[in-house]
Amino acid sequence: MQQKKNQTNLSKLEALLDKGKKVSKSSWLCYCPAHNDKTPSLSITLKERRYVVNCLAGCEYQDVLSAAGLESKDLVVSYKLKATHIYTDEEGKQLYRKKRYVPKKMSIELLAGEEWVEAPASKGYEIPYTLYNLPRVIEFRKIIFVEGEQCVDRLNREGFVATTTGNSG
């Protein structure tokens, strides 16, 4: 029951974002539900795993949430794993894996002994980037180069050989 309530509240937040204007990769300017807004004045920014809400016209934080039918805990984002893509060298030895989450987020993990460890490039990890699906790519003369592992997997299921660089982020 709690999960259904959180989904409903997430829909309320999404409704605010849909009526607003995206001003950057993780920021929106929306109409504030706490006052009669003629010009978008509600700033919503996704920072880490939380939406930060601020009315530039001066409405109190709690008033904005109440008017939107939200609680503070509704602004915390919980990511669900959507897919894991393993990158290998030409012999099939696992080098790293990319994990995709919903809402959109990616992480890269390196194999350290028997365990996978998160390896953000910002922390100085060197990722041995390679083509996705490399052993099959080497076997065939004709390959399809696409954007994203999902496209590669789909084409491979349909009998084609495809690859991507996978490091667009």
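This is a predicted model: local features need pLDDT of at least 70, side-chain atom pairs count only at pLDDT 80 or more; totals for chains, interfaces and linings use all residues.
User: Why is the pair of Tyr96 and Tyr129 called edge-to-face?

Analyst: The ring centres of Tyr96 and Tyr129 are 5.8 Å apart, with the planes at 85°. Rings pair if their centres lie within 6.5 Å, and planes over 60 degrees apart count as edge-to-face; the pair is therefore edge-to-face. Tyr96 is in strand β6 and Tyr129 in the loop between β8 (115–118) and α3 (134–139), 33 residues apart.

User: How do you know whether Tyr129 is buried, exposed or in between?

Analyst: The relative accessibility of Tyr129 is 40%. Buried requires under 20% and exposed over 50%, so Tyr129 counts as partly exposed. Ring pairs also link Tyr129 into a cluster with Tyr87, Tyr96 and Tyr132.

User: What makes Tyr79 and Tyr101 an edge-to-face pair?

Analyst: Their ring centres lie 6.4 Å apart, against a limit of 6.5 Å. The planes stand at 70°, and over 60 degrees counts as edge-to-face, so the pair takes that name. Tyr79 lies in the loop between α2 and β5 (80–88) and Tyr101 in strand β6 (residues 94–102), so the pair ties together parts 22 residues apart in sequence.

User: Where does the charged end of Lys105 sit?

Analyst: The charged end of Lys105 sits over the ring of Tyr79, 4.9 Å from its centre. Lys105 also lies over the face of Tyr101, at 5.2 Å from the ring centre. Both distances are within 6 Å, the limit for a charge over a ring.

Terms used
Residues are numbered from 1 along each chain as its sequence is written. Side-chain values use heavy atoms; hydrogens and water are left out. Rings of Phe, Tyr and Trp (its six-membered ring) pair if their centres lie within 6.5 Å; planes under 30 degrees apart count as stacked, over 60 as edge-to-face and the rest as tilted. Helices (H or I, at least four residues) and strands (E, at least two) are DSSP runs, numbered from the N terminus. Buried means under 20% relative accessible area, exposed over 50%, partly exposed in between (1.4 Å probe, protein chains only). A charge sits over a ring if NZ of Lys or CZ of Arg is within 6 Å of the ring centre and within 35 degrees of the ring normal.
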